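Reader: I want to learn to read packing and sheet order in a model. Can you walk me through a case?

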Amino acid sequence: MSSSERYRRHRFPIEVAEHCVWLYFRFSLSYRNIEEMMAVRGVRVTYETVREWCQKFGALYASQLRKSRPRIGSKWHLDEVFLKMNGVQHYLWRAVDENGVTIDILVQPKRDRWAALRFFRRLLCAAGGAPRVIITDKLRSYAAAKRWILPEVEHRQSRYLNNRCENSHQPKRTRERQMKRFQSPEQAQRFLSTFESINTAFRFRRHLLSAASYRRRLTHALQLWRATALGVALP
């Protein structure tokens with residue numbers, strides 16, 4: 001889809017829409033926060049317009065960013081965390097590779113063997129192949145599902161080996177608190193799928209990079225984001 005078709009009948013320039021979407025999914029800001037920030041820049045846009053842009057373009061941008069992400073590694077870290085919505089407990093299943101790249105997420109009401117099977121199938125579809133090794137906590141559902149769908153893959157179960165995935169839940173917990181919790185599993189799945197793809201593209205392991213390397217990676221990420229918003233490929 002070309003940029004002219006994508007932004008057809010929108011009265012604001014492309015740069016305004018993509019900047020608002022980037023602000024919302026990159027930082028812990030509300031729609032009203034972004035409305036005020038744009039007003040300071042002389043752009044009179046309402047928070048409802050920002051919300052519509054995020055719902056309309058967020059998933060589209062995230063889908064394109066997933067196509068541009070690095071190749072998925074052969075070591076997968078899997079974990080699940082609790083999400084309470086309207087008094088009902090759900091689980092956010094999430095997987096990252098050894099480089100911290102998010103493979104996929106899935107919000108489910110249970111964490112039994114069948115839920116683990118659904119998550120494994122989703123991961124295989126997203127990654128396009130099986131891993132060399134998976135690392136999980138000691139939840140028995142992982143081992144039961146792995147015997148069915150990934151019998152040849154090495155499985156390591158440890159509370160501490162899985163810190164890479166467990167620690168990377170922190171940005172989502174921050175957004176959950178800022179949004180005063182998610183309202184439904186559908187809303188959580190929709191928001192977190194988009195949030196993961198956009199936020200991860202700008203989340204570098206800063207403590208391992210020199211200032212020059214960090215600036216180069218940030219410049220490339222911003223160029224990728226602009227190309228994504230315009231619907232073009234980087235040269």
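**Strands, then helices**

Author: Start with one residue pair. Val96 has Thr102 of β3 as its bridge partner. The coordinates come from a predicted model.

Reader: How many bridges join β2 to β3, and do these strands run parallel or antiparallel?

Author: Six bridges join them. Strand β2 covers residues 88-97, and β2 and β3 run antiparallel.

Reader: What is the strand order of the sheet?

Author: Read it across the sheet: β3-β2-β1-β4-β5. Five strands form this open sheet, with mixed pairing. β3 (102-108) and β5 (154-157) stand at the edges. Each has a single partner strand, so one side of each is left without a neighbour in the sheet. On average, neighbouring strands are turned by 20° against each other, direction ignored.

Reader: Which strands does helix α5 lie across?

Author: Helix α5 (residues 113-127) lies across β1 (75-85), β2, β3 and β4 (133-136). Its direction runs at about 150° to β3. Helix α6 (residues 140-149) packs on the sheet too, touching β1, β2, β4 and β5. The directions of α6 and β5 make about 175°.

Reader: Now helix against helix. What describes two packed helices?

Author: Two values do: the angle between the axes and the distance between the axes. Take α2 with helix α4 (residues 47-68). They pack at an angle of about 85°, with axes 9 Å apart. Angles of 65 to 115 degrees count as roughly perpendicular, so α2 and α4 are roughly perpendicular to each other.

Reader: Which residues make the contact of α2 with α4?

Author: From α2 come Val16, Ala17, Glu18, Cys20, Val21, Tyr24 and Phe25. From α4 come Val50, Trp53, Cys54, Phe57, Gly58 and Tyr61. By class, that is 11 nonpolar, one polar and one charged.

Reader: At what angle do α2 and α9 pack?

Author: About 100°, with the axes of α2 and helix α9 (residues 185-201) 9 Å apart. That makes α2 roughly perpendicular to α9. Tyr24, Phe25 and Arg26 of α2 meet Phe191, Thr194, Phe195, Ile198 and Asn199 of α9. The classes here are five nonpolar, two polar and one charged.

Reader: At roughly what angle do the axes of α2 and α10 cross?

Author: At roughly 120°. The axes of α2 (residues 14-26) and α10 (residues 211-230) come within 10 Å. α2 and α10 are therefore oblique to each other. The crossing of α2 past α10 is right-handed. On the α2 side, Ile14, Glu15, Glu18, Val21 and Trp22 take part. They meet Leu222, Trp225, Arg226, Ala229 and Leu230 of α10. This contact holds seven nonpolar, no polar and three charged residues.

Reader: Where is confidence lowest in the protein, and where is it highest?

Author: Lowest in helix α7 (residues 163-167), with a mean of 58. Highest in helix α3 (residues 31-40), at 95. For the protein, the mean pLDDT is 86. A value of 70 or more is reached by 91% of its residues.

Methods
Residues are numbered from 1 along each chain as its sequence is written. This is a predicted model: local features need pLDDT of at least 70, side-chain atom pairs count only at pLDDT 80 or more; totals for chains, interfaces and linings use all residues. Side-chain values use heavy atoms; hydrogens and water are left out. Axes are lines fitted to C-alpha atoms, for helices over the stretch in contact, and angles run from 0 to 180 degrees between N-to-C directions. Helices (H or I, at least four residues) and strands (E, at least two) are DSSP runs, numbered from the N terminus. Angles under 35 degrees count as roughly parallel, over 145 as roughly antiparallel, 65 to 115 as roughly perpendicular and the rest as oblique. A crossing is left-handed if the near helix is turned anticlockwise from the far one by less than a right angle, and right-handed if clockwise. Contact means heavy atoms within 4.5 Å. Ala, Val, Leu, Ile, Met, Phe, Trp, Tyr, Cys and Pro count as nonpolar, Asp, Glu, Lys and Arg as charged, and the others, Gly among them, as polar. pLDDT is the predictor's confidence in each residue, from 0 to 100. Two strands pair if DSSP finds at least two bridges between them.
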